[in-house]
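Work through these exercises with the model open. Each task is followed by a solution in steps.

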Amino acid sequence: MKRGSIREVALFAMLGAMIFAAKMAMAQFPNIEPVSLLVMLLAVCFGWKGLYAVYLYVLLEFAVWGIGLWSVCYLYVGLILFALARLLRRMESPLGWAALSGCFGLLFGALCALVYWVTGGWAAAVSWWVSGIPMDLVHGVGNFAIALVLFKPLRRWLNMLKTKYEKRWVP
């Protein structure tokens with residue numbers, strides 16, 4: 001795709017909105033969400049350009065829920081997962097992707113606690129992180145299960161979508 005083409009903008013806008021819609025569709029299940037899986041898939045299938053969709057998702061989160069200390073971590077935790085997935089992009093094992101996603105879910109609270117460390121010190125960060133460990137456990141298990149089941153089929157679908165958008169449309 002040519003950089004900044006209408007196709008590219010449309011594709012990443014659709015993918016960013018899809019991440020947000022998928023998370024909202026699963027909002028009734030606390031900390032069970034497909035965001036981590038989709039961030040990894042964008043990194044694997046689209047390379048660094050996939051960050052456009054990731055940060056559109058972050059922008060939508062800010063637009064709907066507002067901006068506070070809790071939301072600042074969205075600016076960097078997705079980037080960390082994205083970078084790890086880029087490093088591991090040649091991995092074929094769904095179990096490996098599920099393990100990465102599960103570990104990320106387990107560490108999500110610790111990664112977000114960095115904001116509280118900067119703003120309130122170690123005591124604030126540790127207390128915030130420890131109080132959220134039960135939710136991090138749910139997040140890790142949910143991420144593991146979702147990635148184990150959906151990584152391969154969604155990877156095929158996104159690669160097909162990428163191929164379709166790279167071809168020139170001929171009437």
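**Exercise 1.** In this predicted model, work out how α6 and α7 are oriented to each other, and describe their contact.

*Solution.* 
- Step 1: take the axes. Those of α6 and α7 come within 7 Å and cross at roughly 150°.
- Step 2: apply the cut-off. Angles over 145 degrees count as roughly antiparallel. α6 and α7 are therefore roughly antiparallel to each other.
- Step 3: The crossing of α6 past α7 is right-handed.
- Step 4: list the contact. α6 brings G109, A110, C112, A113, Y116, W117 and G120; α7 brings W122, A124, A125, W128 and W129.
- Step 5: sort by class. This contact of α6 with α7 holds 10 nonpolar residues, two polar and no charged.

**Exercise 2.** Determine the orientation of α6 and α8.

*Solution.* 
- Step 1: α6 (94–120) and α8 (133–166) are the helices to select.
- Step 2: their axes lie 7 Å apart, and α6 and α8 pack at about 150°. That makes α6 roughly antiparallel to α8.
- Step 3: the crossing of α6 and α8 is right-handed.
- Step 4: the contact of α6 with α8 comprises 14 nonpolar, seven polar and three charged residues.

**Exercise 3.** How do α2 and α5 pack, and at what angle?

*Solution.* 
- Step 1: helix α2 spans residues 35–46 and helix α5 spans residues 77–87. Their axes are 8 Å apart, at an angle of about 45°.
- Step 2: that makes α2 oblique to α5.
- Step 3: α2 and α5 cross with a right-handed sense.
- Step 4: from α2, S36, V39, M40, L42, A43 and V44 take part; from α5, they meet G78, L81, F82, A85 and R86.
- Step 5: by class, the contact of α2 with α5 has eight nonpolar, two polar and one charged residues.

**Exercise 4.** Which helices line the largest pocket, and which supplies the largest share?

*Solution.* 
- Step 1: start with volume. The largest pocket holds about 690 Å³ of space.
- Step 2: find the centre. Of the 33 lining residues, K23, N31, Y74, F108 and H139 lie nearest to it.
- Step 3: assign helices. α1 (6–25), α2, α3 (51–65), α5, α6, α7 (122–131) and α8 each give the lining at least two residues.
- Step 4: find the main contributor. α3 supplies the largest share, five residues.
- Step 5: sort by class. The lining of the largest pocket has 23 nonpolar, six polar and four charged residues.

How values were computed: Residues are numbered from 1 along each chain as its sequence is written. This is a predicted model: local features need pLDDT of at least 70, side-chain atom pairs count only at pLDDT 80 or more; totals for chains, interfaces and linings use all residues. Side-chain values use heavy atoms; hydrogens and water are left out. Axes are lines fitted to C-alpha atoms, for helices over the stretch in contact, and angles run from 0 to 180 degrees between N-to-C directions. Helices (H or I, at least four residues) and strands (E, at least two) are DSSP runs, numbered from the N terminus. Angles under 35 degrees count as roughly parallel, over 145 as roughly antiparallel, 65 to 115 as roughly perpendicular and the rest as oblique. A crossing is left-handed if the near helix is turned anticlockwise from the far one by less than a right angle, and right-handed if clockwise. Contact means heavy atoms within 4.5 Å. Ala, Val, Leu, Ile, Met, Phe, Trp, Tyr, Cys and Pro count as nonpolar, Asp, Glu, Lys and Arg as charged, and the others, Gly among them, as polar. On a 1 Å grid over the protein atoms alone, a cavity is a set of points where a 1.4 Å probe fits but cannot get out, and a pocket is an open set with protein on both sides within 12 Å along at least five of seven lines; lining residues have an atom within 4 Å of a point. Grid points are joined across faces, edges and corners, and a volume is the space filled by probe spheres set on the points.
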